[in-house]
Amino acid sequence: MLVAVALFVAQAINFGLLYRERQALRFSQITAPAITRIVDAAERLQSGRATPFERPRSRIRLEAANPINPEWARAAEVEEGIRQAALDSGLRLGRIATGIRDTDPLDPRLRKMSPRRAARITSLGGELVVAVEVPGRGWLVLNAPWPRTERTLVWQLIAQTLILYAFVLLPVLWIGRRVAQPLQTLATAAHAFTPGGPPAPVEERGPGDVRAVIAAYNGLSERVSAMLDEKDRMLGAIGHDLRTPLAALRVRIESVEDDNDRQRMADTIDEMTGMLEDILSLARLGRPSEPPTNVDLAALVDAVVDDFRDLGHEVAFEEAPRTRMHLRPSLMRRAVRNLIENAVKYAGACEVRVVIEPSRVAIEVCDRGPGIPIDKLDAVFDPFTRIETSRNRETGGIGLGLALTRAIVRDAGGRVSLANRAGGGLVARIELPRT
């Protein structure tokens, strides 16, 4: 489109320049000589000298009335030129009229000319008629050829533009399509790339630079998949190697006689086990093994709330209509559980509701705890980040719960946010798009 507009603008500028050039040429070859002849004839007529129209084959003649049809187009520049030249010469003229008419190929005057000259005049397309009133003597009338440059220039512009479009725009469109199609295929493959499974290579086609980009993408996708495979194997080994000594410690602490010491040791082992599970879950989230399915989101949240109620926590849930969503249920339960767990941990109780909107569904977890400073609302989503003033080590956790929640929600195409409530407390909100 830009190339087409640029070509059209260039042609329009070319048309303007050619039109001005034709006007200047017409003035020098037709307008100026016509003005000179008519003024000279009027001056001779008023002074009583021999006038040009008295000579044979003269273009100027003396008539008793104005022969110009009022419906003809005027040549204002010729009228103004005659009027100015008459003032400069001190001539006293009456009315000045001009008219432009189409050339008649059957005009008897053309038969008196040579065929070559008659053909040239006919090709110009028009004839200028000038009539000047000389008081008391009649009307001096001049006929001169008048080129119809506007018509020819318009058709020239159209023809040249079509030729340029055919020889310039069509190849540009072909080249653009040859570049755009492989790039579009590459963009589609990049958007559809998922860490799980072997990468599908993109066909290398198009210009050399585009083929190089596609080849680089194919190599990159293979390296990413290989790195993720290696990471999964490493995480599996780490999880196995750490769970084994933790299980052994769990067995050994049973021999500790002091109940308080044994309970503290058990709590420490449970904390380490939970820490290990959170780290492994966060690391594996890029390649989830659970496929997305259609689930009732309200029922899913209600089930998580019931789990906390069974443990004796004060969690209220507002009933919501059934809402079918396409997501990974286990991971979404984990995300909701993390938010409720944080609210219970720091406020002792919370309220959970599902808000259904036209384009999205929101899960809100509201508490009346200490809240979070405004400048820390985004920072708490970073791994291993804790707000020391209120959410410190004594309440448990290592700062992975919110990071894991955000990763799960982003994987589902949504977003999670925190906001302080009026009157104290916090609102954690998960927003999921409705599809």
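Colleague: Let's start with A347. Is A347 buried, partly exposed or exposed?
Modeller: Partly exposed, because its relative accessible area is 30%. Keep in mind that this is a predicted model.

Colleague: Where is A347 found?
Modeller: In helix α9, which covers residues 329-347.

Colleague: How far apart are A347 and R368 in space?
Modeller: Their C-alpha atoms are 5.7 Å apart, while in sequence the two residues are 21 apart.

Colleague: New topic: helix α8. What span should its 14 residues have, and why?
Modeller: Helix α8 is residues 297-310, and at 1.5 Å a residue it should span 20 Å. The C-alpha atoms at its ends are 20 Å apart, so the expectation and the model agree.

Colleague: Which residues of α8 are buried?
Modeller: L297, A298, L300, V301, V304, V305 and F308. Looking down the axis of α8, these buried residues fall within an arc of 165 degrees, so they line one face of the helix.

Colleague: What happens at the start of α8?
Modeller: D296 has a side-chain oxygen that comes to within 3.3 Å of the backbone nitrogen of A298.

Colleague: And which residue with a positive phi follows α8?
Modeller: G312, with phi near 90 degrees.

Colleague: What about α10? Which of its residues are buried?
Modeller: Helix α10 runs over residues 401-411, and its buried residues include L402, A403, L404 and T405. R406, I408 and V409 are buried in α10 as well.

Colleague: Which residue takes a positive phi just after α10?
Modeller: G413, at about 85 degrees.

Colleague: Now L400. Where is its place?
Modeller: L400 sits in the loop between β9 (360-367) and α10.

Colleague: Is L400 buried or exposed?
Modeller: Buried. Its relative accessibility is 2%, so L400 falls in that class.

Colleague: How far is L400 from N338 in space?
Modeller: From C-alpha to C-alpha, L400 and N338 are 9.5 Å apart, with 62 residues of separation in sequence.

Colleague: Switching to strand β9. Is E364 buried or exposed there?
Modeller: E364 belongs to strand β9. E364 has a relative accessible area of 9%, so it is buried.

Colleague: Which side chains does a polar contact of 2.7 Å join?
Modeller: Those of E364 and R353. The side chains of E364 and R429 also have a polar contact, at 2.3 Å.

Colleague: On to T98. Which strand holds T98?
Modeller: Strand β2, residues 96-102.

Colleague: Why does T98 count as buried?
Modeller: Because its relative accessibility is 3%, and the cut-off for buried is under 20%.

Colleague: What does the side chain of T98 reach?
Modeller: The backbone nitrogen of A75, at 3.0 Å. The T98 side chain also makes a polar contact of 2.6 Å with the side chain of E79.

Colleague: Then E127. Where does E127 lie?
Modeller: In strand β3, which spans residues 125-134. E127 is at 11% relative accessibility, so it counts as buried.

Colleague: Which side chain is joined to that of E127 by a polar contact of 3.1 Å?
Modeller: The side chain of N143.

Colleague: And how far apart are the C-alpha atoms of E127 and D102?
Modeller: They are separated by 6.1 Å, though the residues are 25 apart along the chain.

Colleague: Which residues line the second largest cavity?
Modeller: Q11, N14, F15, L18, L153, Q156, L157 and Q160.

Notes:
Residues are numbered from 1 along each chain as its sequence is written. This is a predicted model: local features need pLDDT of at least 70, side-chain atom pairs count only at pLDDT 80 or more; totals for chains, interfaces and linings use all residues. Side-chain values use heavy atoms; hydrogens and water are left out. Helices (H or I, at least four residues) and strands (E, at least two) are DSSP runs, numbered from the N terminus. The expected span of a helix is 1.5 Å times one less than its number of residues. Buried means under 20% relative accessible area, exposed over 50%, partly exposed in between (1.4 Å probe, protein chains only). The arc is that of the directions from the helix axis to the C-beta atoms. A polar contact is a pair of N or O atoms within 3.5 Å; within protein, one must be able to donate a hydrogen and the other to accept it, and residues adjacent in sequence count only if both atoms are side-chain atoms. On a 1 Å grid over the protein atoms alone, a cavity is a set of points where a 1.4 Å probe fits but cannot get out, and a pocket is an open set with protein on both sides within 12 Å along at least five of seven lines; lining residues have an atom within 4 Å of a point.
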